[in-house]
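My entries follow in the order in which I looked.

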Amino acid sequence: MSRTTRFFTRTVLTVFLAGTIFGAGISSLGAAFKGSAVFKDVPSTHYADDAIGEMYQLGIIKGLNSSQFGPDDPITRGQVALLLQRLRNEMKGISNNSSSSVSSRSSSSSSSSSSSSSSSSSSSSSSYNPGGSVRFDSNEYNVDKNAATGVLNVAVVRIGGNQGSGTVEYTMTGGTAEAGKDYTLMQGTLSFATKQTSQKLAIPIKNNISVSGTRTVSLILRNPTGTLTLGNPPLAIINIVDPNAPSSSAGTASSANTTDAILSFGASAYGVNENDGSLSINVVRKGVTTNAVSISYATNGGTAVSGSDFTPVSGTFSFAAGETMKNFVVAITDNTSILGNTSFSVVLSNPTTGAIMGTNVASVMINDNESLPMTGSGNVKFGSSTYYVTESQGKAVITVSRILGFKPFSVNYVTSQGSAISPNDFTSVTGTLMFAQGETTKTFEVPITQDSLSEGEETVNLSLSSPTAGVTLGDPSFASLRIND
């Protein structure tokens, strides 16, 4: 009878090994290769998604089978020994391809050592997904509707493998932009030959003089074939920006004046379990609250299908004088299929005179409860370990994300001086981010001082602390903001 290592799961040890390897100075394969691209039971929001993908690609861990990893399964002493052997081999530059695969479920106490070894070795193949996954190189693109070229170039990249051929479909849908007037509708199929790692979409943009303000449309990848799988993000938002829009129309918060109300989503990203039934999304008003304003809202389909995975909603909120918050509810459809996580977006548009838009596009991730129920409180971390800003931008927008778990909580943030000095180079900020139910990504701003000095790159230290409601600090909880002239 196998003895299970106390307190350890496959995921916990995988994260430890990832930290050991990359902390030891061995070159990282990068966070682009995700465990969720290989295993259906690893959600893209899982805190160990990067670590699982990297360790799988190095050949240090394997799955229970070709599509299941068992992130919350216990691990046996024998499996730990195999993983540590592969770790030693990797650090000595010895190939792990011949090592036995850790794939049997140690929770089956009736399995013998010999049967475990047999089932393990049978699933050993290659140390990475040879076909790779395809995704957009960003989840958001901005294009000036007056752009001289009249074209937005979007890259579709293949990561984690380049062997074999395959195709992926693309389409454009939803948003406030109108096909034929704001952009040329494009849909079709991209083909990737073996070893081909990128394709380009050239999307014609039109200068629609009949409307002002930023207009949006969703760009979606779906139905991969051949050796390809779908990576993250499979959905991107295109913002067709009107640079001449007055601040009282559909502008952004950067053009606000003292008489404007700023209308925004409460968060820039949301998450919901498929079996939760619904998701409530807040629209908040900041700045001036003494006048009556209104704004439209709507859902856009993505990899989640409108009408099938969620019920589409749209409407207009009217804020009376003094009102600062509205909310709408999106019904989520529960099904019994193991389809993996899907996503869609929500969009704000058409603010009335006296109001402008802040965060007007947010993504919503629907977690497939058949793959892996979302349990626990999760962790909170910066969206990146390094942020960049130029003095002319005037501010840096810092993202903070919660990985796993959707209950309300808060976390403190603070800036401190690195080589940049406050207030000469930036304005120090400190505060608390309040995450409501379902909110997974929030932002705060660091004001940047513009001067005429040539100082080279300077840095500001960022840190998170004291999360509540059982949420833990993830990595990175410390980050650097780099200011360039």
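I began with an open sheet of five strands, ordered β22-β29-β27-β24-β25, with mixed pairing. For the names, strands (E, at least two residues) are DSSP runs numbered from the N terminus, and two strands pair if DSSP finds at least two bridges between them. β22 (386-390) and β25 (430-435) are at the edges with a single partner strand each, so one side of each has no neighbour in the sheet. Neighbouring strands here are turned by 25° against each other on average, direction ignored; the axes are lines fitted to C-alpha atoms, and angles run from 0 to 180 degrees between N-to-C directions.

I noted that this is a predicted model, in which local features need pLDDT of at least 70, side-chain atom pairs count only at pLDDT 80 or more, and totals for chains, interfaces and linings use all residues. Residues are numbered from 1 along each chain as its sequence is written, and side-chain values use heavy atoms, with hydrogens and water left out.

Within the sheet I looked up β27 (residues 458-465) and β29 (residues 478-484), which run antiparallel and are joined by six bridges. Serine 463 stands opposite phenylalanine 478 in β29.

Next I checked the loops. Between β24 (409-417) and β25 I found proline 423, which is joined to serine 422 by a cis peptide bond with omega of about 5°. Proline 476 lies in the loop between β28 (472-473) and β29; its bond to aspartate 475 is also cis, with omega of about 10°. Alanine 469, in the loop between β27 and β28, has a positive phi of about 60° although it is not a glycine.

I then turned to another open sheet, with four strands in the order β17-β14-β12-β19 and mixed pairing. β17 (325-331) and β19 (355-357) are its edge strands, each pairing on one side only. Strand β12 (residues 261-265) runs parallel to β19, and three bridges join them. Alanine 261 stands opposite alanine 355 in β19.
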